[in-house]
Amino acid sequence: MTDQTATITLGDTSVDSPVLKGSVGPDVVDIRKFYGQTGAFTYDPGFTSTASCESKLTYIDGDEGVLLHRGYPIGELAEHSSFMEVAYLLLNGELPSADALAHFDNTITRHTMLHEQLATFYRGFRRDAHPMAIMCGVVGALSAFYHDSTDIQDPHQRMIASHRLIAKMPTIAAMAYKYSVGQPFIYPRNDLSYTGNFLNMTFAVPAEDYEIHPAVERALDRIFILHADHEQNASTSTVRLAGSSGANPFACIAAGIACLWGPAHGGANEAALNMLREIGRPERIPEYIARAKDKDDPFRLMGFGHRVYKNYDPRATVMQKTVREVFAALKVNDPVFEVALQLEEMALSDDYFAEKKLFPNVDFYSGVILSAIGFPTTMFTALFALARTVGWVAQWNEMISDPAQKIGRPRQLYTGPTQRPYVPVDKR
Ligand code: CMC
């Protein structure tokens, strides 16, 4: 709280609203009593000016291109940390000691197997089902299998559910992939790292060994770090809203996966690579830039622009570097990377993108890396969901523990018909 108040005058009524101060970032006007005092609602479709909750997890300064998890810059975490360590940090608030990390890693490792009955669940899907459709269904179904971790009032059960979700998500995603290509499911292996295990479950086959390339394992782990959390984005807000009614964690995370799937959110990584492949050659870039600028054309540059970042997305910087590392390690070169680099350069020197402050976001380069590793485009958003599960469960836990938490129940500006009498069908 600050000494300041914000005064809003509506007709003859003036309301003083307290101004709250975060540890960093914009002040927040507390309008909780506004409706009671004035009888009016505030209007903010898309929540462009609304803080929906208090949080200690992630801070973004979109103008400066800053992203901090529990205070630590994303660039430093991507460079020096591991996904398991970042998961611990987001869930528990501090970086772990070596012992605490080993214990956490072991706990997650021992939750990676799925109830065997869930394998039959997969067989109900068509082989050409999108992995995100399978993920929504299977993750939602976990609540039918793990009854012992759905009491949200019990902090111990909440933590077990969180560990289960983080641990089982790679298994669920890898099985979605295996099902789509008609290969047998590969069980998790406790001797592998979180990310190595996911690579193995995705690419190994019983007929021969799969060798995990250390550079690929490291690159994918870094991609997971870059996607771990991102403040109150659409899917995280969905998880919080679903959880605000007291729904169980598996159902809430399934809701988050559904929201993430959309092309304006997590689905943009798949859409971005499809777009780059469609452009195909640098000579065609101006045509696509012109389309993106054309108000009468719904086309947008996928992987470009962000609600919060009005500067280079710090995650995109790390992604671009990672493309080069993966290409060097695998001795591959995909011409689509050159298209991406030139598209970025041309867009950034164009007045339209400069004026609207549209920069590459995390999804612009991630598809190039994932494709080089061998993932089909349909798996890209599933990988995003896998990593974001850490943020979702951390935010969900924070919400449930917050004494100010209430069921999320927005109001509206109603513009439909006013009351009118029902007309029987023969009189219409
Ligand atoms: N290409 C062309 N024009 C764009 C783009 C783009 N990618 N993004 C925004 N604009 C224009 C938009 O037309 C609008 O112009 P005007 O003011 O003249 O109407 C202006 O920029 C502001 O756009 P907005 O849609 O009002 O902004 P928003 O904050 O509601 O949307 C966004 C943010 C990410 C949905 C949008 O930039 C977009 O659709 N980008 C492409 C999809 C994408 O890459 N999404 C991944 C986001 S990062 C990963 C994640 O967090 O999920």
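Accessible areas here come from the Shrake-Rupley method with a 1.4 Å probe. On that basis the protein chain of this predicted model exposes about 21300 Å², and carbon and sulfur atoms supply 53% of that area. Of its 428 residues, 48% count as buried.

**Overall fold**

The protein chain contains 18 helices and six strands. Its radius of gyration is 23 Å, close to the 22 Å that the globule rule gives for 428 residues, so the chain is as compact as a globular protein of that length. The C-alpha trace spans about 75 × 65 × 55 Å along its principal axes. Among contacts with a separation of 6 or more, 70% are between residues 24 or more positions apart.

**Charges**

The protein chain carries 39 positive and 49 negative charges.

Strands of a sheet pair through backbone hydrogen bonds, either parallel or antiparallel. In this model three strands make up an open sheet, ordered β4-β5-β6, with antiparallel pairing. Because β4 and β6 stand at the edges, each with a single partner strand, one side of each is left without a neighbour in the sheet. Strand β5 is joined to β6 by two bridges. His 69 has Tyr 72, in β6, as its bridge partner.

| Strand | Residues |
|---|---|
| β4 | 58-61 |
| β5 | 66-69 |
| β6 | 72-73 |

Definitions and conventions. Residues are numbered from 1 along each chain as its sequence is written. This is a predicted model: local features need pLDDT of at least 70, side-chain atom pairs count only at pLDDT 80 or more; totals for chains, interfaces and linings use all residues. Side-chain values use heavy atoms; hydrogens and water are left out. Helices (H or I, at least four residues) and strands (E, at least two) are DSSP runs, numbered from the N terminus. The radius of gyration is taken over C-alpha atoms; the globule rule is 2.2 Å times the number of residues to the power 0.38. Buried means under 20% relative accessible area, exposed over 50%, partly exposed in between (1.4 Å probe, protein chains only). Contact means heavy atoms within 4.5 Å. Lys and Arg count as positive and Asp and Glu as negative; His and the chain ends are not counted. The place of a charge is taken as NZ of Lys, CZ of Arg, CG of Asp or CD of Glu. Two strands pair if DSSP finds at least two bridges between them.
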